[in-house]
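The stops below are given in the order in which to select them.

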Amino acid sequence: MNARSAALTRPDGTPVRVLVVDDEPDLAEVVTGALRYEGWEVRCAGTAQAAVDEARAFRPDAVVLDIMLPDRDGLAVLRELRTGQPHVCVLFLTARDTVEDRIAGITAGGDDYVTKPFSLGELVARVRGLLRRAGMTRERTAGSLLVVGDLELDEDAHEVTRGGTPIDLSPTEFQLLRCLMRNARRVLSKTQLLDLVWSYDFGGQAHVVELYVSYLRKKIDAGREPMIHTVRGAGYVLRPVVR
């Protein structure tokens, strides 16, 4: 996902809301990170009951729904969701790939599905497609400026400044910084960064993340109060300087 598509928002300009329902914490975390990278507000649930409760409180625009859950299957969850939110977009996430499963999902009211293992890029594209077809979003065409403290990143112009001073970044450094800024104050693991910036599978090439974080620190933090921090055993986080 090296190039992010133009941002989608709700018609009123607020972030799209997506609920991710999966009982595999690692998978749910990575999917959540990919959706947050789109600028969307995302929440997670690991059981059918938690999904129903979260949906009532959160009122999502779309749900990424695992069909196999520990307490009830995703089809039952979908039926409850449709009762309260008949127009919510639902993308099934399933390890099954039989004609019967696809028919059951569509019959229950599902809009689309992806089969594990899957590409994060494909999953995000499918959610975007569902939201567009449902007419629940608008595309933000104005320039998008990310600001964290005195650090600014213009996504359209591909320009970065800190304290008003321009900073020249390579394409990969730019993507990494954008990911950190879009998730400011949130700790991102090396696995999440690999998937969000390099689209690598789990467990691959963690040293690449360390190398590019080092490059980025030399340009962003050199001679200044540091903004990029290592959280031992967890990953990296970008925080504004507190004065």
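Buried means under 20% relative accessible area, exposed means over 50%, and partly exposed is in between, computed with a 1.4 Å probe on protein chains only. This is a predicted model, in which local features need pLDDT of at least 70 and side-chain atom pairs count only at pLDDT 80 or more, while totals for chains, interfaces and linings use all residues. Residues are numbered from 1 along each chain as its sequence is written, and side-chain values use heavy atoms, with hydrogens and water left out.

**Whole chain**

Start with the entire protein chain, coloured by secondary structure. The chain has eight helices and 13 strands; these are DSSP runs numbered from the N terminus, helices being H or I with at least four residues and strands E with at least two. Of the 243 residues in the protein chain, 48% are buried. Among contacts (heavy atoms within 4.5 Å) with a separation of 6 or more, residues 24 or more positions apart account for 61%.

**Salt bridges**

Next, display the charged side chains. A salt bridge here is a side-chain nitrogen of Lys or Arg within 4 Å of a carboxyl oxygen of Asp or Glu. By this rule the count comes to 19 salt bridges.

Select D66 and K116. Their closest N and O atoms are 3.5 Å apart, forming a salt bridge. This pair links distant parts of the chain, 50 residues apart: D66 is in strand β4 (residues 62-66), and K116 is in the loop between β6 (112-115) and α5 (120-133). Both D66 and K116 are buried.

Move to R82 and D111. They form a salt bridge with the closest N and O atoms 3.2 Å apart. R82 lies in helix α3 (residues 74-84) and D111 in the loop between α4 (99-108) and β6, so the pair ties together parts that are 29 residues apart in sequence. Are the two partners buried or partly exposed? R82 is buried, at a relative accessible area of 18%, whereas D111 is partly exposed, at 36%.

Then select R162 and D221, whose side chains meet in a salt bridge (3.1 Å, N to O). Here too the pair links distant parts of the chain, 59 residues apart, with R162 in strand β10 (residues 159-162) and D221 in the loop between α8 (206-220) and β12 (228-231). R162 counts as buried at 2% relative accessibility, and D221 is buried with a relative accessible area of 9%.

**Helices α2 and α3**

Two packed helices are described by the angle between their axes and the distance between the axes. Select helix α2 (residues 48-58) together with α3: their axes come within 10 Å and cross at roughly 20°. Axes are lines fitted to C-alpha atoms over the stretch in contact, and angles run from 0 to 180 degrees between N-to-C directions. That makes α2 roughly parallel to α3, the term for angles under 35 degrees. Show the side chains at the contact: A48, A51, V52, A55 and R56 of α2, and V77, E80 and L81 of α3.

**S189**

Finish at S189, in the loop between α6 (171-182) and α7 (190-198). S189 is buried, with a relative accessible area of 18%. Not counting residues up to four places away in sequence, S189 touches A234 and G235.

Notes
Parallel < 35°, antiparallel > 145°, perpendicular 65-115°, else oblique.
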